[in-house]
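Hi there,

I am passing along the structure we talked about, and I hope you have a moment to open it in your viewer. My notes on what turned up follow just below it.

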Amino acid sequence: MEIEFITELAGETVLQIGLPVLIGLFFLEGMIVGKLTQPPVLFVGVVAITGPSLVYVSAIAMLCTVAFVGGQMLIYRSADPRVESAIKMQDKIPYFRRVQRWIITRFGKHRLKIVDTVFNRYGTIGIIIGTFIPGIRAVIAVPAALSSYTQRRFVLAISVGHLLYFVLLGAIAY
């Protein structure tokens, strides 16, 4: 009887406190900042502990996807040399412009043209598959922004990839 109460209380606490934290961590993961906390592992833990319905898991997955895509869009818009925006991290983070110039200089215009061609041809499927690979998922916005890959296509591809990723995580949790 007491163990049931404790288990139920723990599940409710995780849902009340853990869910907003989880969504925030996915936003930070989208910005490459939240890698130390491993939000996908926390997502599996939340689902395993609380045992929510499929509808509830879907809602959590959608919210976490929106948060992750928001973080990725911040990176995309900051790395995109064509965008003039108030949220550009180039002006807020020391040495960001140097890193961007170093990438362009290091790779050269010829190699960036190749990246552009490859991204425009295989970018969507590459982004979708890349969301399943932790190292790639974190930085995929940068080459997408440096190529002529459009923001709309990027948002669509990263959203589809992340939703499929959550299907896999949900299957693991159940």
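**Overall picture**

The accessible surface of the protein comes to about 10,300 Å², and carbon and sulfur atoms account for 71% of that area. Please keep in mind that this is a predicted model. Of the 174 residues in the protein, 39% are buried. The secondary structure consists of seven helices and zero strands, so that reading along the sequence gives the pattern α-α-α-α-α-α-α. If we take the contacts between residues at least 6 apart in sequence, 71% of them join residues at least 24 apart.

**Helices H3 and H7**

The pair I would like to show you is helix H3 (residues 54-79) and helix H7 (residues 151-173). Their axes come within 9 Å and cross at roughly 145 degrees, and the crossing is right-handed. On the H3 side, the contact is made by Ala-61, Met-62, Cys-64, Thr-65, Phe-68, Val-69, Gln-72, Met-73, Tyr-76 and Arg-77. H7 contributes Gln-151, Phe-154, Val-155, Ile-158, Ser-159, His-162, Leu-163 and Phe-166. Sorted by class, the contact of H3 with H7 has 12 nonpolar, five polar and one charged residues.

**A closer look at Ser-159**

Which residues does Ser-159 contact once its neighbours within four places in sequence are left aside? They are Thr-65 and Val-69, both of which are also listed on the H3 side of the contact with H7. Ser-159 itself sits in helix H7.

**Ile-32 in a loop**

The other spot I noted is Ile-32, which is found in the loop between helix H1 (2-30) and helix H2 (39-50). Is Ile-32 buried, partly exposed or exposed? Its relative accessibility is 34%, so Ile-32 counts as partly exposed. Not counting residues up to four places away in sequence, Ile-32 touches Ile-75, Ala-138 and Val-139.

Best wishes

Note on methods:
Residues numbered from 1 in each chain as written. Predicted model: local features only at pLDDT ≥ 70, side-chain atom pairs only at ≥ 80, totals over all residues. Heavy atoms only, no water. Axes fitted to C-alpha atoms, helices over the stretch in contact; angles between N-to-C directions. Helix = DSSP H or I, 4+ residues; strand = E, 2+ residues; numbered from the N terminus. Left-handed = near helix turned anticlockwise from the far one by under 90°. Contact = heavy atoms within 4.5 Å. Nonpolar A, V, L, I, M, F, W, Y, C, P; charged D, E, K, R; others polar. Buried < 20%, exposed > 50% of the residue type's maximum accessible area, 1.4 Å probe, protein only. Areas by Shrake-Rupley, 256 points an atom, 1.4 Å probe, with all protein chains shown as cover.
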